[in-house]
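Hi everyone, and thanks for coming. I'd like to walk you through a structure that may be new to you, one piece at a time.

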Amino acid sequence: MIKQELWFDVVVIGGGGAALRAALSACEYGASVALVSKGEAGKSGATFYSVAEIGAFNVPDGAMDPTDSPEAFYQDMKDAALGTARLPLCEILARQAEDALKYLEEISGGQVFSKADGKFKVYQACFSKKPRSHVVDHHFKPILKALREEVKKKNIKVLNGFQAVDLLLSGGEAGGVLALDEKGEAVVIHAKSVVLATGGASRLFRQNMYPADITGDGYAMAYRAGAQLSNLEFIQAGIGVAHPFINLFGNYLWKASPVIRNAAGTRILRETYGRDTERNAIMEKTHFPFSTRDSSKWIEIAVQSEINRGHGTENGNMLLDFLETDFPKLFQEDPAFADMWKITYQWHMEKGMDLYQQPVEIACFAHAINGGVLIDGQACSSIPGLYAAGETAAGPHGADRLGGNMSVTCQVFGKIAGQYGAVRANAMKPFPDIHRAESEALDRLRSHVTGRAADWDRMLDRLQRESDRALLIVREEKGLEIYQAFLRELRQQLQEGCEEASVRKWIQLENLTQTGEMIAAAAWMRRESRGSHYRADYPELDKSLRRMLLIQKDGSQNITCRWDT
């Protein structure tokens, strides 16, 4: 069944910003490197997937506010985390962010970050007290272009179309990976260090702003290998346009006091919480991600609750309109809003929507996951030789995450993961002996290729809809228990195997199921509301739970959650 065996000092799994930076860093430190990507490296993954016209990249260089500093940046991260981040990692990020920007500027010839009159364009993003978000036009594609071109110049083996299946360990340490090539044949890749940079798992949800290849592969593989994970209950989600197109809903638009209604025309915020709460929630909506830290939380809670009750449009969404907005008065009071509105209005008109006359359909969308594989200051997991970076990694973020922090995290910890992965590899002589792990992984894979045909897309759709109901914004004990029972049923179906032509879909569905199980276990155990985690049955923050939840499998292969000490 094995087509071939390959040997590299460092294997990086992923094809986005963190993966490419890790591969470049490992190469710079003298390691032989392979980049294993499900899609085309540098043209796939979350970094390449645009959900807005610009991206943000946080750097405390004082480009707009000379009083900004790494110390101020660190404090903002600490405040946003609400006690659930590894603060030494936040400090590393604050200290190395500017070097990450300079590296991208150097390799791109100054083409990554948007400038006006030779100065960086900067704005103040969600949960930050200083304007430090450097603008990247066309979302993050310029970052990937720069990294992609740099990879071409280096001696890095790019393996496109490879689906990672399982990590291979030797004596409890990373030693390689089992993968399927573009033809579906098994390939064993030996390595002295492995870097996971596979992104998150927001395809677990039907309403998401991620590409189809983000399926929790890194989380699930790390869990099966015995690594420690954390903070998976903290998921960035927020309001987005859901129909007739999908897009982020610009924060500035809340200044126009839009009205949110269900399909019957009822003003859901006013009807449920009263006029004052409706007004305060709209006024305090200064950040895209849902958070329980202020009154704006009632917007997403109301929207998702109405959707869960089946009160949405035929597309399952809520309606948002500006029919009561006094635009002439608003334009006069806020010229900056008037300028932005022209762009937004014209953009919607080109898609056949007149925002002055028509409501737009909205929903809550899952975006980034703030947790993942727990790393240390060298980006190493609890398994020696296994590193993680970007959205796959946990530690630099907590209950809430600063807008513009994931992109810079990918670059800072991608560099660190590649560097220390190479240092470890350079210090080792023989490759780890992974023959036993290889045999077990192949047997596991063979056992699931049973020839069973199934409607995998329908199964994924069911999983996503159940995840929306149980995990997206509104969580409560009964719903989580129903969801966990559903996941057990789905896992039993997956144990029946698949036909060979569907093995990739089977693997990705299994990884999403595993991720859903971990998120649900953590959400069930965190009986409080903190940042992006909201329990309807425990709506208040519990000061005694100002800690991270650690997730790991036990000797019986069951999920265990415990509080970090």
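Predicted model: local features only at pLDDT ≥ 70, side-chain atom pairs only at ≥ 80, totals over all residues.

Let's begin with a sheet. Which strands form the open sheet with mixed pairing, and in what order? There are five of them, and they run β20-β18-β12-β21-β22. At the edges you'll find β20, residues 393-394, and β22, residues 559-563. Each of these has a single partner strand, so one side of each is left without a neighbour in the sheet.

Now follow the chain from β21 to β22. These two strands form a hairpin with five residues between them. In the turn sits glutamine 557, with a positive phi of about 70 degrees. The pairing of β21 with β22 is antiparallel and involves five bridges; glutamine 552, for instance, has threonine 560 in β22 as its bridge partner.

On to the other sheet. Here three strands form an open sheet with antiparallel pairing, in the order β3-β7-β6. Why do β3 and β6 each have one side left without a neighbour in the sheet? Because β3 (54-58) and β6 (122-123) stand at the edges, each with a single partner strand. Strand β7, residues 133-137, is joined to β3 by five bridges. Within that pairing, phenylalanine 57 has histidine 134 of β7 as its bridge partner.

Next, the helix pairs. Helix α1, residues 17-28, packs with helix α11, residues 405-427, at an angle of about 35 degrees, and their axes are 7 Å apart. Their crossing is right-handed. On the α1 side, the contact uses Gly17, Ala18, Arg21, Ala22, Ser25 and Ala26; on the α11 side, the residues include Gly414, Gly418 and Ala422. By class, this contact has five nonpolar, six polar and two charged residues.

For the other pair, look at helix α2, residues 70-81, and helix α3, residues 87-108. They pack at an angle of about 140 degrees, with axes 9 Å apart. This crossing is right-handed too. Residues of α2 that take part include Phe73, Tyr74 and Met77, and among those they meet in α3 are Leu87, Leu93 and Ala97. What is the make-up by class of the contact of α2 with α3? It has nine nonpolar, no polar and four charged residues.

Then there is helix α10, residues 335-349. Its 15 residues reach 21 Å from the first C-alpha to the last, close to the 21 Å expected. Buried residues in α10 are Phe337, Ala338, Trp341, Thr344, Tyr345 and His348, and what covers them includes α9, residues 327-333.

Last stop: asparagine 280, in helix α7, residues 275-283. Asparagine 280 counts as partly exposed because its relative accessibility is 31%. It is 41 residues from aspartate 321 in sequence and 18 Å away in space, C-alpha to C-alpha.

Note on methods. Residues numbered from 1 in each chain as written. Heavy atoms only, no water. Axes fitted to C-alpha atoms, helices over the stretch in contact; angles between N-to-C directions. Helix = DSSP H or I, 4+ residues; strand = E, 2+ residues; numbered from the N terminus. Left-handed = near helix turned anticlockwise from the far one by under 90°. Contact = heavy atoms within 4.5 Å. Nonpolar A, V, L, I, M, F, W, Y, C, P; charged D, E, K, R; others polar. Pairing = 2+ DSSP bridges. Expected span 1.5 Å × (residues − 1). Buried < 20%, exposed > 50% of the residue type's maximum accessible area, 1.4 Å probe, protein only.
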